[in-house]
Amino acid sequence: MRKLILFLILFWPAIAWSETLYPLASLDAHLIPKGQWDFHLGAKYTQDRWFPFERKNTHREELHLPQFSLNIGLASNIEIHFDYPYIYLDSDHTDSDWDSGDLTLGVKINLFKDKNNFPAVSLDLSTKLPNGDYENRFSTNETDFFALALMAKRWEDLNLFLNMGLGIIGNPQVNASQDDVFVYSVGFDYTLWPDIDLLTEIQGWAGSNYDNNYAVATMGIQYWYLSHWRFDAGVHVGLNEQSEDWGISIGVSYIWKW
């Protein structure tokens, strides 16, 4: 009996809830525990995606391979995250090629815990650094800034979440110019079985003055293997003209305590 209990503790998917919502773009207001590291390695393909400040008329195919993400629980109320893609690009206006994308750095601060009838509330601040190539349209090569309010509430097997805030997008076509957009996402995470979660969201930008509005719906799944490995896959469908027509993504995460 003692051996069975020890086996369940070590190898059963004990992390019943995932505070990282891959393959979604949304952020969970629930933070990963202090001292936990969540490393995600993924790939994402999008068909006919728009490029910021340029209308969707280039038949842009984009593959992120690999896409690296790292989430670290620094304290009980502070989490930091890093995202970086290596990109294959093919479009009517550029040659087919591989090159670096942009590194995004962010910090998530929990303000209120999920308790009783009150949701978890967090603030996320992130910056996209200008380390991609604009001439070949791998990046705008501009610094972007995002400030988002995150809310999430769990009821048994269901986790509802909402992100909303401001994005300041640097314009590579006009010196010292920017586009201020409303950033939003809403969705849920539902535990189908102890080791399988179903996730959905609608997310995008609105209020743009430069045709940067987009909206994408995503449906995904997470599968836990033991307590340290998590696999995810998703299907993405554009909901307006500026969005990609469709996309798919897959990924694997390794979770450990430092």
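Predicted model: local features only at pLDDT ≥ 70, side-chain atom pairs only at ≥ 80, totals over all residues.
Leu239 lies in the loop between β12 and β13, and it counts as partly exposed because its relative accessibility is 47%, between the limits of 20% and 50%.

To find the second largest cavity, select its lining: Phe51, Glu54, Thr58, Arg60, Leu89, Ser91, His93, Thr94 and Arg137. These lining residues divide into two nonpolar, four polar and three charged.

The backbone comes next. Select Tyr22 and Pro23, which are joined by a cis peptide bond with omega of about 10°. Pro23 is found in the loop between α1 (2-11) and β1 (36-47). Then select Leu65 and Pro66, where the peptide bond is also cis, with omega near 0°; Pro66 belongs to strand β2 (residues 61-75).

Two further stops concern the angle phi. His59, in the loop between β1 and β2, has a positive phi of about 50° although it is not a glycine. At 48% relative accessibility, His59 counts as partly exposed. Finally, select Glu156 in the loop between β7 (144-155) and β8 (158-170). Phi of Glu156 is positive, near 50°. Is Glu156 buried or exposed? Glu156 counts as exposed, because its relative accessibility is 76%.

Key: Residues numbered from 1 in each chain as written. Heavy atoms only, no water. 1 Å grid on protein atoms, 1.4 Å probe; cavity = no way out; pocket = protein on both sides within 12 Å on 5 of 7 lines; lining within 4 Å. Nonpolar A, V, L, I, M, F, W, Y, C, P; charged D, E, K, R; others polar. Helix = DSSP H or I, 4+ residues; strand = E, 2+ residues; numbered from the N terminus. Buried < 20%, exposed > 50% of the residue type's maximum accessible area, 1.4 Å probe, protein only.
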